[in-house]
Amino acid sequence: PKRLVLILGDQLDRQSPALRDFDFQNDEVIMIESIPEAQVVWSHKAKIALFLSAMRHFSEELKADGYPVHYVQESKLSIVDSLKEILLEKGIRHLVCIEPGEWRLKLAIEKLAKDSKVQLDMREDSHFYCSHQEFRDWAANKKELRLEFFYRLMRKTHNILLDKDGNPEGGQWNFDQDNRKPYPKSGPGIIETPILFEPDAITQEVLQFVQSHYSGYPGSLGHFRWPVTRDEALEALQYFVDYRLRNFGIYQDAMWTDTPYGWHSILSSSLNLKLLNPREVISAVLDAWKKYSLDLSTIEGFIRQILGWREFVRGMYYLDMPKMATDNFYDHQRALPDWYWTGKTKMRCMQDAVGQTLKYGYAHHIQRLMVTGNFALLAEILPSAVCDWYLAVYVDAIEWVELPNTAGMALFANGGRFTSKPYIASGAYIKRMSNYCGGCQYKSDVRFGENACPVTTLYWNFLIKHRQQFDSNPRTRLMTANLKKISDDDQAAIVQHAQQVLNNLNNL
Ligand code: FAD
């Protein structure tokens, strides 16, 4: 009997396990562009365009390979309603798919299959090193779930960056200490620009469609240069390891105005759409290490992001959903300031991080974590509102990776289930790691009063408010120890000024 093989927009791999046993005589591939799907979350125009263009290219490739593809363009129904209609229409009782990277969709497909008595064959995604079972086994008897130990296990299990005796290459598992440098005072110097792809005919058509159908949506399409095919993604990977990997490690955390990409790989969207497999990314990085004699700290730092963080957050997502989406450890309830959608704020750091996000649909990790994420935590914003923003504005945002990073890492919304402390910092950190503060009307070292940096005011306010929690954790005790150096009067002034800031978040 005929089977329908559903391929979602972030599952664009011709080697997909969903196609493993495809019967060319009987089976049919189904791909659905759903207009309401982009409305479930309010998305950046470039994110919508990237998905649509990559899907259309992928369906063309499948057809060229001889697959019968039923491609639903611009459906007015949700993915699941559209799928239901097609299953009914074609009288198909067997559905094959890969597990969706979004909990809501996974449940909806399972429910559809159950309700319509369709046999569902949901297969595990092959774009990860660690299976759900392996992750559950690892997490099962742990008191604390920490990246570092999981990452070491992954290194050992997959024999990556180990010497011939099975010890970590270079005698250390982690070279993070070497990977936290700001750019020199004179600026980042010449950085090889990332490879950019001119929109072809398919992409241009998509860009026009998105411009007309989603004109009120956030973000710009004017800078759309993302890889939309596997060939382009492979080219982007090669370009990165040849030209940009060498300084990845050292400047991984550095920020500078008008330097949207720094030395980062810009591979997340290709990895998340499954145009690239993490195994080939790691293999290319290891080859480049030898070929160009690159620093081990850069190689280890990069591999930790893919083999460590990417796998870890994915494991946590499936372990902790659906609770992860509603956790709110600090019971924060404030609305997200409007300038997250416009970049119109006087804070230079936010201007730059939000501005480049709206322009490109991209910001690097430290901008996401320590600029916009840090502010959202200190400003006591409702976690789900913050998560909606991250899911909307980044072209690489899919819930399995966005939610644990935002709710878990940036906002501590799950009370430190997989982080040892809240990632908070004052304006001093931003000043150290960037040139943002130079031209800013707010002064990063002023804690209260007219010129006080809102990040700094809110940082100290947060520490005062949560002093007990920070005191009780050896990892954060040093932060509250610094509070003792601030007089009671000044602390009172901080709290008072913070109230004004919190009541005035839209006008900072
Ligand atoms: P690089 O810095 O070059 O890193 C290489 C690769 O490592 C990335 O492409 C990515 O695949 C992986 N990686 C690095 N850090 C992480 C991480 N913390 N978690 C998972 N994978 C990681 N990443 C997403 O892919 N999608 C998201 O929606 C997303 N949302 C985030 C939200 C917040 C609040 C934070 C703090 C981080 C988020 N990240 C997300 C992680 C990280 O910021 C991005 O993966 C990275 O900035 C993508 O740019 P890049 O490809 O240049 O990465």
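**The largest cavity and its surroundings**

The lining of the largest cavity is made up of eleven nonpolar, two polar and two charged residues. In this count Ala, Val, Leu, Ile, Met, Phe, Trp, Tyr, Cys and Pro are nonpolar, Asp, Glu, Lys and Arg are charged, and the others, Gly among them, are polar. The model is predicted: local features need pLDDT of at least 70 and side-chain atom pairs count only at pLDDT 80 or more, while totals for chains, interfaces and linings use all residues. Residues are numbered from 1 along each chain as its sequence is written, and side-chain values use heavy atoms, with hydrogens and water left out.

A cavity is a set of points, on a 1 Å grid over the protein atoms alone, where a 1.4 Å probe fits but cannot get out; lining residues have an atom within 4 Å of a point. The volume of the largest cavity is about 150 Å³, where a volume is the space filled by probe spheres set on the points, and grid points are joined across faces, edges and corners. Among the 15 lining residues, Pro194, Ile195, Leu196, Trp226 and Ile266 are the closest to the centre. Helix α8, residues 230-244, contributes the most to this lining, with four residues. Helices (H or I, at least four residues) and strands (E, at least two) are DSSP runs, numbered from the N terminus.

The whole structure holds eight cavities of 30 Å³ or more. Two or more residues each come from α12 (348-360), α16 (427-433) and α17 (454-465). By class, the lining of the second largest cavity has ten nonpolar, two polar and two charged residues.

For the wider setting, the domain assignment, which is automatic or from a database, gives domain 1 (4-123), domain 2 (132-200 + 227-320) and domain 3 (338-507). The C-alpha centres of domain 1 and domain 2 are 29 Å apart.

Methods. 1 Å grid on protein atoms, 1.4 Å probe; cavity = no way out; pocket = protein on both sides within 12 Å on 5 of 7 lines; lining within 4 Å.
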